[in-house]
Amino acid sequence: MKLLSARYIEGGDYIILCECGELVEEDTFKDYIQTSANPSTRTIGHRKCGIIFNFIDGKSPKKYSSRKELKILAAKFAGKNELLTENTERFLLEVDRLKSCGQFSDAEILVGAYKKILEAAGSEKRPESQPERNRGLIG
């Protein structure tokens with residue numbers, strides 16, 4: 001039985017990166033599998049490739065794609081999360097930087113880059129929302 005990589009991201013969503021290289025969205029089916037917690041545990045599978053996911057045991061193997069495959073996944077991920085053009089550029093650069101480290105799985109790279117972009121976008125907005133005296137412009 002093959003498993004997946006699932007990572008928690010901002011806003012209460014999970015990114016599910018299937019072993020086939022696709023981001024799993026709504027194209028799933030329901031199934032029951034044997035896990036360490038129960039002999040019949042409800043779960044889902046990816047309809048496109050037939051992989052059944054085991055969320056209970058947490059033995060998800062890590063997928064390591066080529067740089068080109070990861071860029072394609074990153075572009076799909078950016079489109080799914082409706083990133084602005086300038087944020088998409090930064091996101092793709094961050095994905096490339098994390099891939100160059102060579103020690104992260106695809107899901108870890110995508111989620112790490114996405115969180116960094118959210119943090120950068122949040123820090124850029126903060127000074128504009130604060131009054132001028134709080135920014136040290138007025139004494």
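Strands (E, at least two residues) and helices (H or I, at least four) are DSSP runs, numbered from the N terminus. Before you start clicking, note that this is a predicted model, in which local features need pLDDT of at least 70 and side-chain atom pairs count only at pLDDT 80 or more, while totals for chains, interfaces and linings use all residues. Residues are numbered from 1 along each chain as its sequence is written, and side-chain values use heavy atoms, with hydrogens and water left out.

**First stop: His 46.** Select strand S5, residues 41–46, where His 46 lies. His 46 counts as buried, at 3% relative accessibility (buried is under 20% relative accessible area, exposed over 50%, partly exposed in between; 1.4 Å probe, protein chains only). Leaving aside residues up to four places away in sequence, His 46 touches Cys 18, Cys 20, Glu 22, Val 24, Asp 27, Phe 29, Ile 51 and Phe 53; contact here means heavy atoms within 4.5 Å.

Now select Phe 91, Val 95 and Leu 110, the residues with the most contacts inside the largest nonpolar core, which has 17 residues. Such a core is a set of buried Ala, Val, Leu, Ile, Met, Phe, Trp, Tyr and Cys residues joined through side-chain atoms within 4.5 Å. Helices H1 (67–80), H2 (85–101) and H3 (106–129) each supply at least two residues of this core, and its largest share, six residues, comes from H3. Apart from this core lies another, of five residues, including Ile 16, Cys 18, Ile 51 and Phe 53.

**Last stop: Glu 82.** Move to the loop between H1 and H2, where you will find Glu 82. Its phi is near 55°, a positive value in a residue other than glycine. Most residues other than glycine have a negative phi. Glu 82 is exposed, with a relative accessible area of 68%.
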